[in-house]
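Trainee: Please walk me through this one, a question at a time.

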Amino acid sequence: QVQLVESGGGLVQAGGSLRLSCSASLRTFTLELGWFRQAPGKEREFVAAIGWSGITTVYADSVKGRFTISRGNAKNTMYLQMSSLKPEDTANYYCTAGVRLLASRSADYWGQGTQVTVSS
């Protein structure tokens, strides 16, 4: 069973920064990890993903250049550094893991989510 736990969400002003963390169970070593988000009344959307080695990354166009995804040396931790935040980034952010996250943007395992609120 793969377990994912997010942390680091909160309230930030527009233009500010925030870093999300995800702690995963040991079985995620060879899985691709990623982030999705869902705003109230909207569909869940892909944000970013990273390969098992931590080298290959992919981003949604809406966050490219502002967000950076990374993987810890232990490979079972993941981070999302968010900068130049906008009110439209407000959402519940989910840590995910999967076999083909990079290619298909489809996750097999999901965390419970952490709320990010950006005030204008």
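**Hairpins, sheet and buried contacts**

Trainee: In the hairpin of β5 and β6, which residue takes a positive phi?

Mentor: That hairpin has six residues between the strands. A strand here is a DSSP run of E with at least two residues, numbered from the N terminus. The positive phi, near 85°, belongs to Gly-54.

Trainee: What pLDDT do local features need here?

Mentor: Residues are numbered from 1 along each chain as its sequence is written, and side-chain values use heavy atoms, with hydrogens and water left out. This is a predicted model, so to speak with its own ground rules: totals for chains, interfaces and linings use all residues, side-chain atom pairs count only at pLDDT 80 or more, and local features need a pLDDT of at least 70.

Trainee: Back to β5, then. Which residue of β6 stands opposite Ala-49?

Mentor: Strands pair if DSSP finds at least two bridges between them. β5 and β6 pair antiparallel over three bridges, while β4 and β5 also run antiparallel, joined by five bridges. On the β6 side, the residue opposite Ala-49 is Val-58.

Trainee: How many residues of β5 are buried?

Mentor: Buried means under 20% relative accessible area, exposed means over 50%, and partly exposed is in between (1.4 Å probe, protein chains only). β5 is largely enclosed by the rest of the structure, because the buried count among its six residues is five.

Trainee: In the open sheet of four strands, what is the strand order?

Mentor: The edge strands are β1 (4-7) and β7, each pairing on one side only. Inside the sheet, β1 and β3 pair antiparallel over four bridges, and Leu-4 stands opposite Ala-24 in β3. The pairing in this sheet is antiparallel, and the order is β1-β3-β8-β7.

Trainee: Which strand pairs with β11 in the parallel sense?

Mentor: β9 and β11 pair antiparallel over three bridges, with Asn-92 partnering Gln-115. In the other pairing, Val-12 has Val-118 of β11 as its bridge partner. That pairing is parallel over four bridges, and the strand is β2.

Trainee: Which residues make up the covered face of β11?

Mentor: In a regular strand the side chains alternate between the two faces of the sheet. The uncovered face of β11 has Gln-115, Thr-117 and Ser-119. The covered face has Thr-114, Val-116 and Val-118.

Trainee: Now Arg-66: which side chain does its own side chain make a polar contact with?

Mentor: Arg-66 is in the loop between β6 (57-59) and β7 (67-71), and at 12% relative accessibility it counts as buried. A polar contact is a pair of N or O atoms within 3.5 Å; within protein, one must be able to donate a hydrogen and the other to accept it, and residues adjacent in sequence count only if both atoms are side-chain atoms. The side chain of Arg-66 reaches the backbone oxygen of Ser-62 at 2.9 Å. Its side-chain partner, at 2.7 Å, is Asp-89.

Trainee: What is the relative accessible area of Asp-89?

Mentor: Asp-89 is in the loop between β8 and β9. Its side chain makes a polar contact with the side chain of Arg-37 (2.9 Å) and reaches the backbone nitrogen of Lys-86 at 2.8 Å. Contact means heavy atoms within 4.5 Å, and leaving aside neighbours within four places in sequence, the residues in contact with Asp-89 include Phe-67, Ser-84 and Val-116. Asp-89 is buried, with a relative accessible area of 1%.
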